[in-house]
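User: I am new to this structure and would like to know what the labels on it rest on. Please take me through them one at a time.

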Amino acid sequence: MSGFDEPGIYYSDSFGGEPAADEGQVRKSQLQRRFKEFLRQYRVGTDRTGFTFKYRDELKRHYNLGQYWVEVEMEDLASFDEDLADYLYKQPAEHLQLLEEAAKEVADEVTRPRPSGEEALQDVQVMLRSDANAASIRSLKSDQMSHLVKIPGIVIAATPVRAKATKIAIQCRSCRNTINNIAVRPGLEGYSLPRKCNTEQAGRPKCPLDPYFIMPDKCKCVDFQVLKLQESPDAVPHGEMPRHLQLYCDRYLCDKVVPGNRVTIMGIYSIKKSAQSKNKGRDNVGVGIRSAYIRVVGIQVDTEGSGHSFAGSVTPQEEEELRCLAAMPNIYEMIAKSIAPSIYGSADIKKAIACLLFGGSRKRLPDGLTRRGDINLLMLGDPGTAKSQLLKFVEKCSPIGVYTSGKGSSAAGLTASVIRDPSSRSFFMEGGAMVLADGGVVCIDEFDKMREDDRVAIHEAMEQQTISIAKAGITTTLNSRCSVLAAANSVFGRWDETKGEENIDFMPTILSRFDMIFIVKDEHNEERDVTLAKHVMSLHVSALTQTQAVEGEIELNKLKKLISFCRTKCGPRLSAAAAEKLKNRYILMRSGSRQHEQESDRRSSIPITVRQLEAIVRIAESLSKMKLQPFATEADVEEALRLFQVSTLDAAMSGSLSGAEGFTTQEDQEMLSRIEKQLKRRFAIGSQVSEHSIVQDFMRQKYPEHAIYKVLQLMMRRGEIQHRMQRKVLYRIK
């Protein structure tokens, strides 16, 4: 537990001042000199190729930009001087301070002469990073106390940035005596004010106990922020809850991460006084017990996993590679093949998902309205068609992905909730899944099992892409510029051909917000079943499943890079010829659906509206975005129309055309309605007729038997007639 109760650090005068400086002081100044040499002399490269002074140049560049920090690699320090690195590992609290002083002196040397008005030297913050293997939160025990540790995890909460005093000035109440420049230890340790004022003045009474108060305007403060780190889910043993840890960041480490990021933390494992227990009494056992926290000295944000990744971290070589990749003629097919390569078939859905990942371009009109550029996609279909697997894959490969399931998420959890802060009793907001996925994709599984009032909460987020809230005195609007990828089963579990429209249980309001609606049917087709079974078996049999995943044409990391690169760099528009072509096709589509509605004599529950026209525009834009082209050509519009045709239009038509089993022709429909009219004329509401006699009557009129049974079945499902007396007698209700 060394290094806990030293006062501030003093330095001996190097010009042979008083000879009796104690050894600790001498050792510290020697160490500081070594640190200074390291920062000044460490160089990268060889004599032949020319070398650069790594830290000197970095310090100078950062200092001139007004960024007073430098990042030191522990490996460089170890290669320069093994003992220094060892000291820094074993007793980081004091040696980091020496390193910062040394960095300040080096910065002073490399930036002279400074321009007028900026002569004052700023403190320099040193951040550490290391390539050592990370430990887990569970392995932090008391022997690691006040050592340097490296820990991975997920940031789950962050407080706002507050100020903490580093130097304070205090004044005595009665005799006005001030003490300046009291150093406060960094971290979450407090400073206890002295109990007595020890200025003796003749003829004055002694100052009372606890006379001091802090003078706030004479304090020096730094920013600090407290984060909450949770261990990463794959490190949690079976059946345990994930553990949490408090992190303390200061100065330039504040606001480096947002909740949801996966990070690796370098920090000093320290302790703070645990909060005073409420019941002061005989069972006050926690007298020497302290709670632990980590004082962060370096943060690395991991790019793998979900979370904000690859934001502008593309090197020029990578950019060259990505541009070459996007210029390939068959890039669209390649991207579609690399989406969930372990899932067989469903090529059109994969193409649509590729469009969703790239997204169209968001437009801001001169009058301040915005049109969304994100594509929403709904997959309706049978169980066992790999819908959830596709959703899981999209969550992995989109730049920001959030996966929720319909039954387990409420309206507040998807949009935003207002929570009362337990400490300050004030209300604050917490964004839900749609807000966290701003700029990415929300995958909602089991979309049909959501409660109706929760589904309404998504309406605004899907079309206007904002979430407005007026709760508990907070009225605000949050951005949620995200695509929605939803998967749902039909009403009867499986898609029932005979029921037609009744399979879809969604309101037209929400269906029109989806750009593409796929109906995934599990069809019985022998050769397809053979290839599918072979594919699944090969996945299970091949020994590669444990070591390396099935790769598509483009590997996953490169695909992520390509997606985020295209999304940031490219915002295509329609070309004039393509727009003209699209206009004509849209008018045809509208008239087609109107004609279809007249024929089938009822409204389709999947409407074709102006939103669908905008959907096709967005799909065409995303297709040209994959190729990094500025304008969407006619070929893009063709492909967008084809995708729209196989998805939404087929879904809109599939409903009523197969409305009756095996009867698709117009005459059959007419015959059924004729039978139904006669039946209703035949027996009034509230009367009973034997089923056998009805069937005999109609067969005498030369109607086919199966048609009669079909009509009876339809009327039963609508609840117009009922079976009575061992299913022999029919009873009409309405």
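Analyst: We can begin with one lysine in a predicted model. Lys-104 has a relative accessible area of 22% and is partly exposed.

User: Why is Lys-104 called partly exposed?

Analyst: Buried means under 20% relative accessible area and exposed means over 50%, with partly exposed in between. Lys-104 is at 22%, so it is partly exposed.

User: What makes Lys-104 and Asp-123 a salt bridge?

Analyst: The rule asks for a side-chain nitrogen of Lys or Arg within 4 Å of a carboxyl oxygen of Asp or Glu. The closest N and O atoms of Lys-104 and Asp-123 are 2.8 Å apart, so the pair meets the rule. This pair links distant parts of the chain: Lys-104 is in helix H5, while Asp-123 is in the loop between H5 and strand S4 (125-129), 19 residues apart. Asp-123 is partly exposed, at a relative accessible area of 43%.

User: How many salt bridges are there by this rule?

Analyst: The count comes to 29 salt bridges. One of them joins Lys-36 and Glu-105, with the closest N and O atoms 2.8 Å apart. Here too the pair links distant parts of the chain, with Lys-36 in helix H1 and Glu-105 in helix H5, 69 residues apart.

User: Are Lys-36 and Glu-105 buried or partly exposed?

Analyst: Lys-36 has a relative accessible area of 16%, under the 20% cut-off, so it is buried. Glu-105 is at 30% and therefore counts as partly exposed. Both residues also belong to a network of salt bridges that links Lys-36, Arg-40, Glu-105 and Glu-109.

User: How do you know that the span of helix H1 agrees with its number of residues?

Analyst: Helix H1 has 19 residues (23-41), and at 1.5 Å a residue they should span 27 Å. The end C-alpha atoms are 27 Å apart, which agrees.

User: Which elements do the buried residues of H1 pack against?

Analyst: They pack against helix H2 (54-64), strand S3 (69-73), helix H3 (74-80), helix H4 (82-90) and helix H5 (92-110). The buried residues of H1 include Leu-31, Phe-35, Lys-36, Phe-38 and Leu-39.

User: Why are Arg-700 and Asp-697 described as about one helical turn apart?

Analyst: Both lie in helix H21 (residues 691-700) and are 3 residues apart, so about one helical turn separates them. Arg-700, at 59% relative accessible area, is over the 50% cut-off and so is exposed. Asp-697, at 23%, is partly exposed.

User: Where in the chain is confidence lowest, and where is it highest?

Analyst: Confidence is lowest in helix H15 (residues 544-547), at a mean of 52, and highest in S4, at 91. The chain averages a pLDDT of 78, and 86% of the residues score at least 70. Over residues 304-312 pLDDT stays under 50, and the model has 22 contacts beyond four places in sequence for them. Residues 656-664 also stay under 50, with 18 such contacts.

Conventions:
Residues are numbered from 1 along each chain as its sequence is written. This is a predicted model: local features need pLDDT of at least 70, side-chain atom pairs count only at pLDDT 80 or more; totals for chains, interfaces and linings use all residues. Side-chain values use heavy atoms; hydrogens and water are left out. Helices (H or I, at least four residues) and strands (E, at least two) are DSSP runs, numbered from the N terminus. The expected span of a helix is 1.5 Å times one less than its number of residues. Buried means under 20% relative accessible area, exposed over 50%, partly exposed in between (1.4 Å probe, protein chains only). Contact means heavy atoms within 4.5 Å. pLDDT is the predictor's confidence in each residue, from 0 to 100.
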